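Hi,

Here is the structure I promised to pass on. Please open it alongside this note; what I found follows below.

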Amino acid sequence: MPSEIVYMRWNDILWDECKIRICIPKKTTKAEQEQGNFKTRYIPLFPEIREALEAYRAEIPSKTEKNEGNEPIFPGMDDTERTGALLRKQLREVLRRAKIHEWPKLFMNLRANRDSELQDIYPFYIVCEWMGHSPDISLKHYTKAPDSAYRQASTRNEGK
């Protein structure tokens with residue numbers, strides 16, 4: 001964070017295909033980046049993301065019709081620690097206002113939660129492709145048992 005979202009352009013939102021193209025700077029050489037040739041992966045345009053992007057697109061001024069051109073979705077963001085610090089500060093403020101206790105490694109834990117949520121619904125190999133990591137990395141760093149699994153297991157009547 002923010003290495004992927006700072007490179008997002010409106011034409012990376014493939015509305016009709018229900019996908020978002022994600023540039024992967026960590027897997028792209030500096031020379032490729034300078035030419036604008038990033039390694040990419042795709043994630044679904046989940047309904048909650050579609051809704052948020054549509055609302056955002058309707059609110060912002062654009063140089064092109066319907067904000068569908070090659071301009072950045074989040075102008076003014078760059079791939080520096082300064083931008084990462086700003087995003088963390090904004091998330092902390094949202095949590096404070098919502099009276100939610102801050103947790104360690106804010107963005108990594110959000111990513112881990114989403115990884116685990118998706119694994120409850122989709123095959124593991126698909127989730128790994130969408131999240132952009134290997135199964136080994138997923139199991140080591142992201143896959144976590146949700147609290148609901150503990151509650152479900154503690155109330156189960158096995159063999160009765």
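Glu 117 forms a salt bridge with Arg 114, with 3.1 Å between the closest N and O atoms. By salt bridge I mean a side-chain nitrogen of Lys or Arg within 4 Å of a carboxyl oxygen of Asp or Glu.

Before going on, a word on the basis. This is a predicted model, where local features need pLDDT of at least 70 and side-chain atom pairs count only at pLDDT 80 or more, while totals for chains, interfaces and linings use all residues. Numbering runs from 1 along each chain as its sequence is written, and side-chain values use heavy atoms, with hydrogens and water left out.

Back to the pair. Both Glu 117 and Arg 114 sit in helix H4, residues 106-119. They are three residues apart, about one turn of the helix. Helices here are DSSP runs (H or I, at least four residues), numbered from the N terminus. Glu 117 is partly exposed, at 41% relative accessibility. Arg 114 is partly exposed too, at 25%. The cut-offs: buried is under 20% relative accessible area, exposed is over 50%, and partly exposed is in between (1.4 Å probe, protein chains only).

The pair also belongs to a network. Salt bridges link Glu 48, Arg 114 and Glu 117.

Helix H4 also holds Ser 116. Is Ser 116 buried or exposed? Ser 116 counts as buried, with 12% relative accessibility. What does Ser 116 touch, leaving aside residues up to four places away in sequence? The contacts (heavy atoms within 4.5 Å) are Tyr 142, Thr 143 and Lys 144.

Next, helix H3, residues 81-97. Here the side chains of Arg 97 and Glu 93 meet in a salt bridge, 2.9 Å from N to O. Arg 97 and Glu 93 are four residues apart in the helix, so about one helical turn separates them. Arg 97 is exposed, at 64% relative accessibility. Glu 93 is partly exposed, with a relative accessible area of 27%.

One more pair. Glu 32 and Lys 39 join their side chains in a salt bridge, 3.0 Å from N to O. Glu 32 is partly exposed, at 22% relative accessible area. Lys 39 is partly exposed as well, at 39%.

How many salt bridges does a search of the whole structure find? The search gives 10. Those described above are among them.

Best wishes

Terms used
Helix = DSSP H or I, 4+ residues; strand = E, 2+ residues; numbered from the N terminus.
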